[in-house]
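Subject: Structure handover

Hello,

Here is the structure we spoke about, with my notes below it. Please read them with the coordinates open.

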Amino acid sequence: LPHDDALARSRVRHGIKILNGDKGIGPMYGLLMNQDPEQDASYTTKIHKGLEEFARIACPTGPFFLGETISLADIMLVPFWDQFRYLLRHYRATELIPVVAEDNKPWVKRLHKWAAAVEENEIFQKYSFEEERYIGVYVTYAGARSTP
């Protein structure tokens, strides 16, 4: 956490609280493990609302949560974004971050900027896995709906 900026520390803690809350990482796993297709939209809405809140409190110019440097909030989101961007598309035919930013979803453009910066990060490139590996590892989480 930035030790010289109380507002930035507060924003990072709030971002982490969103990710750990009922509109964050939990619904990502919930959607992947969900066996009732009629509930998929509810999980997706929760996820998107959480990401919208995360983007709303992030630095508007980015590219990272607090601006030009990676913060603890970014580090918290990165591994889940890296996995679920593939898993939700493959197993549940939905996007973690919608591909197109509709007028009523300005947060999507902000998170696309964030994702592009993450993908350019040398450490991320070194430790991220290929799409096929995530899909294979998480097949049991998808359950009976593992075949799209």
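Leaving aside neighbours within four places in sequence, T44 is in contact with L31 and T94, where contact means heavy atoms within 4.5 Å. T44 is found in helix α3; helices (H or I, at least four residues) and strands (E, at least two) are DSSP runs, numbered from the N terminus. T44 counts as buried because its relative accessibility is 13%; buried means under 20% relative accessible area, exposed over 50% and partly exposed in between, with a 1.4 Å probe and protein chains only.

Two notes on the source. This is a predicted model, in which local features need pLDDT of at least 70 and side-chain atom pairs count only at pLDDT 80 or more, while totals for chains, interfaces and linings use all residues. Residues are numbered from 1 along each chain as its sequence is written, and side-chain values use heavy atoms, with hydrogens and water left out.

Overall fold

The protein has eight helices and zero strands. Its radius of gyration is 15 Å, which agrees with the value near 15 Å for a compact globule of 148 residues; the radius is taken over C-alpha atoms, and the globule rule is 2.2 Å times the number of residues to the power 0.38. Along the principal axes, the C-alpha atoms fill a box of roughly 50 × 35 × 25 Å. Of the 148 residues, 45% are buried. Among contacts between residues at least 6 apart in sequence, 71% join residues at least 24 apart.

Core

The largest nonpolar core has 40 residues, and W81, L96 and W114 have the most contacts inside it. Such a core is a set of buried Ala, Val, Leu, Ile, Met, Phe, Trp, Tyr and Cys residues joined through side-chain atoms within 4.5 Å. At least two core residues come from each of α1 (6-20), α2 (25-33), α3 (40-57), α4 (72-92), α5 (106-120) and α7 (131-137). The largest share, ten residues, is from α4. In soluble globular proteins, nonpolar side chains tend to be buried together.

Not counting residues up to four places away in sequence, W114 touches P63, F64, F65, D74, L77, V78 and W81.

F84 lies in helix α4 and counts as buried, because its relative accessibility is 0%. With residues up to four places away again left out, F84 touches M28, Y29, L32, R89 and L96.

In α2, the buried residues are I25, P27, M28, G30, L31 and L32. These residues pack against α1, α3, α4 and α8 (139-142).

What about R92: is it buried or exposed? R92, found in helix α4, is buried, with a relative accessible area of 6%. Not counting residues up to four places away in sequence, R92 touches L31, L32, M33, N34, Q35, D40, L87, A142 and R145. R92 and R145 are 53 residues apart along the chain, and their C-alpha atoms are separated by 8.3 Å.

Pockets

On a 1 Å grid over the protein atoms alone, a pocket is an open set of points where a 1.4 Å probe fits, with protein on both sides within 12 Å along at least five of seven lines; lining residues have an atom within 4 Å of a point. Grid points are joined across faces, edges and corners, and a volume is the space filled by probe spheres set on the points.

The largest pocket has a volume of about 260 Å³. Its lining has 16 residues, of which I75, V78, N121, I123 and F124 lie nearest the centre. Two or more lining residues come from each of α4, α5 and α6 (122-127), and α4 gives the most, with six. By class, the lining has eleven nonpolar, three polar and two charged residues; Ala, Val, Leu, Ile, Met, Phe, Trp, Tyr, Cys and Pro count as nonpolar, Asp, Glu, Lys and Arg as charged, and the others, Gly among them, as polar.

The second largest pocket has a volume of about 150 Å³. W81, R85, R89, E95, L96, I97, P98, V99, H112, A115, A116 and E119 line it. Here α5 gives the most, with four residues. The lining divides into seven nonpolar, one polar and four charged residues.

Regards
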